[in-house]
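Please look through the sequence and the model shown here before reading on.

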Amino acid sequence: MPGMVLFGRRWAIASDDLVFPGFFELVVRVLWWIGILTLYLMHRGKLDCAGGALLSSYLIVLMILLAVVICTVSAIMCVSMRGTICNPGPRKSMSKLLYIRLALFFPEMVWASLGAAWVADGVQCDRTVVNGIIATVVVSWIIIAATVVSIIIVFDPLGGKMAPYSSAGPSHLDSHDSSQLLNGLKTAATSVWETRIKLLCCCIGKDDHTRVAFSSTAELFSTYFSDTDLVPSDIAAGLALLHQQQDNIRNNQEPAQVVSHAPGSSQEADLDAELENCHHYMQFAAAAYGWPLYIYRNPLTGLCRIGGDCCRSRTTDYDLVGGDQLNCHFGSILHTTGLQYRDFIHVSFHDKRGQPQTLGKPHRCPGAGSEPRFHVYELPFIVALDHRKESVVVAVRGTMSLQDVLTDLSAESEVLDVECEVQDRLAHKGISQAARYVYRRLINDGILSQAFSIAPEYRLVIVGHSLGGGAAALLATMLRAAYPQVRCYAFSPPRGLWSKALHEYSQSFIVSLVLGKDVIPRLSVTNLEDLKRRILRVVAHCNKPKYKILLHGLWYELFGGNPNFPTELDGGDQEVLTQPLLGEQSLLTRWSPAYSFSSDSPLDSSPKYPPLYPPGRIIHLQEEGASGRFGCCSAAQYSAKWSHEAEFSKILIGPKMLTDHMPDIVMRALDSLVSDRAACVSCPAQGVSGVDVA
């Protein structure tokens, strides 16, 4: 429901969010009250000492104060359980209870201060009694401090601006005033988000690219949340309901109609060949992450394997760029790809000042062991000679720093400067800038020229995972005029990469691979807007209180079970079924003219955020059977098929939506699939069991 209004401002917490905090405080308070009562009853005979009367009074008053607090917290928790997310009427007394609860903190603070002062005076009483009272004083201050931290967390910087209008309907403001008010709020929200992002990224540089990225990211967040009045727990409840709704729909669906004829031999052979290529080149995409991913994949033996490389000094004529960590990165790259040292043309990592340094020359970054620092819109990459496939491989690293996150979130569109016949060349601004940086390094620094001077008969292959996959696709498009035989393998690339025309143009030279429910290949501004609408609708249609939704959702995520959790209001007539729409509208900024259920939202209509699509043809790996809720209980089996981009037009909710994106999980799935298919080559009856053609 909309955030509560207290003290004349909106807060980032709803009146139905206090069940779990109230229960936790109630348990602590009751145990504390029982402990004080036990201490008083067992040791009141030992309070006949100097200052004992004060301590006795302290315990008695504290027990009375705790009893009042326990009653108040119990009332808050009971009231918070009433109603639904969109029906706060039964909780209308919550604000008065909260005022009472906050008022009780003042006597608590005074009494805790007095208790601390009396104990500090050196009361000559039984040591057990004194220690018990010290414990009560400490607990009092811990609870007070926790309350202050909680207030800071739920504080909404825009609450003072939103509160006067949080209950205003369209009739209170004409169109002009409403539009002005919305624009003013969006400007303030952009400023708040930019301040938050700067604080979060305070350790990175302040160059022009970084400032532009800050502004773009802040504008994206402020635009996305400008037309809703949701608190974080509403979003969590909506995601839990969406996951169960998706599973319920899937379970109730009729089995999909299967094409009667067998897949064409050419399609099947093409899929087999591309899967083998993906399995091979994924090693390079993973190697681009350097030693952190290698240690993560090999927690027991990884450090021992590359430890010697970290301490070794090498000299070379090749372009190996980096800082203190380069030897560790390079050792992991050698182990991951299986190549020799001489096969690498370029391995780029920047030093702390962002200047390339050649390994072997006397150079150290300030501060031994300091981490390399990257600029926004700049991605590390490696260039190597792959003799097995007779290719020059360019592998671009994915997201692994705050700078990379800012690159991801610079989601505005810009025209891609490439030589091709496509008219609509819009692309993701941040990833386009990153691809342009790698392009300039490859061409202007003569890296590709050097590689092809060594192996002129080889072909160019560009690979990457996640952000690196999107940058690899754009880079391949930029280089296609000069290298017509270029191929690109993008692993788990973002959906919101470029226009529909570029998506179709890239079908002939780019292959994308997506695993399971991976959220990133389904992630775009348009899909996020669709997710927001679905959350609003499923929350508005649910007739259960929020605490039950969250409890059932947590149980379902951990242990599975029945997904038939109610997501509709009871009743079947048309009048009752229209009621949820009123609740849905209550979750929107109702005085905003920019959003209505019969028109597109601000993000859909904004020229900055047009619909964008994934790169190339898409291979979808799907898990067969059950391997546990999080895929860690047993070895999973996978099937592969060619998929249309429309299959990734909605974000799917599930416990594996994040883990399916991890590069080590993708490598494991490819290892399993390729080995299973190789084992079935000698079994004609089973040879196509893992192949679907869409």
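Glu390 is partly exposed, with a relative accessible area of 48%, where buried means under 20% relative accessible area, exposed over 50% and partly exposed in between, for a 1.4 Å probe and protein chains only. This residue sits in the loop between strand E5 (381–386) and strand E6 (391–396), and helices (H or I, at least four residues) and strands (E, at least two) are DSSP runs, numbered from the N terminus. Although Glu390 is not a glycine, its phi is positive, about 55°. Most residues other than glycine have a negative phi.

Ser492 also has a positive phi, near 50°, and is likewise a residue other than glycine. Its place is the loop between strand E10 (487–491) and helix H18 (500–505), and with a relative accessible area of 0%, Ser492 is buried.

## How the model is to be read

This is a predicted model, in which local features need pLDDT of at least 70 and side-chain atom pairs count only at pLDDT 80 or more, while totals for chains, interfaces and linings use all residues. Residues are numbered from 1 along each chain as its sequence is written, and side-chain values use heavy atoms, with hydrogens and water left out.

## The chain as a whole

The protein chain has 23 helices and 14 strands, and 52% of its 694 residues count as buried. Among contacts (heavy atoms within 4.5 Å) between residues at least 6 apart in sequence, 78% join residues at least 24 apart.

Helix H9 (232–252) has 21 residues and reaches 30 Å from its first C-alpha to its last, close to the 30 Å expected at 1.5 Å a residue; the expected span of a helix is 1.5 Å times one less than its number of residues. Its buried residues, including Ser233, Asp234, Ala237 and Gly238, pack against H19 and H20. H9 and helix H19 (residues 525–540) pack at an angle of about 90°, with their axes 9 Å apart, where axes are lines fitted to C-alpha atoms, for helices over the stretch in contact, and angles run from 0 to 180 degrees between N-to-C directions. The two helices, H9 and H19, are therefore roughly perpendicular to each other, a term that covers angles of 65 to 115 degrees. Among the residues that make this contact are Leu241 and Leu242 of H9 and Leu531 and Arg534 of H19.

Helix H20 (residues 546–559) has 14 residues, which should span 20 Å at 1.5 Å a residue, and its end C-alpha atoms are 20 Å apart, which agrees. In H20, Lys546, Tyr547, Ile549, Gly553, Tyr556 and Glu557 are buried, and what covers the buried residues includes helix H1 (19–43) and H9. After H20 comes Gly560, whose phi is positive, near 75°.

## Annotated stretches and a strand residue

In an unreviewed entry, UniProt places the feature "transmembrane region" at residues 20–43, 55–77, 98–120 and 132–155; such annotations may be inferred rather than shown by experiment. In the model, residues 55–77 are 100% helix and 0% strand, with end C-alpha atoms 32 Å apart, while residues 132–155 are 92% helix and 0% strand, with end C-alpha atoms 35 Å apart.

Lys641 lies in strand E13 (residues 637–643) and, at 16% relative accessibility, counts as buried.

How values were computed
Parallel < 35°, antiparallel > 145°, perpendicular 65-115°, else oblique.
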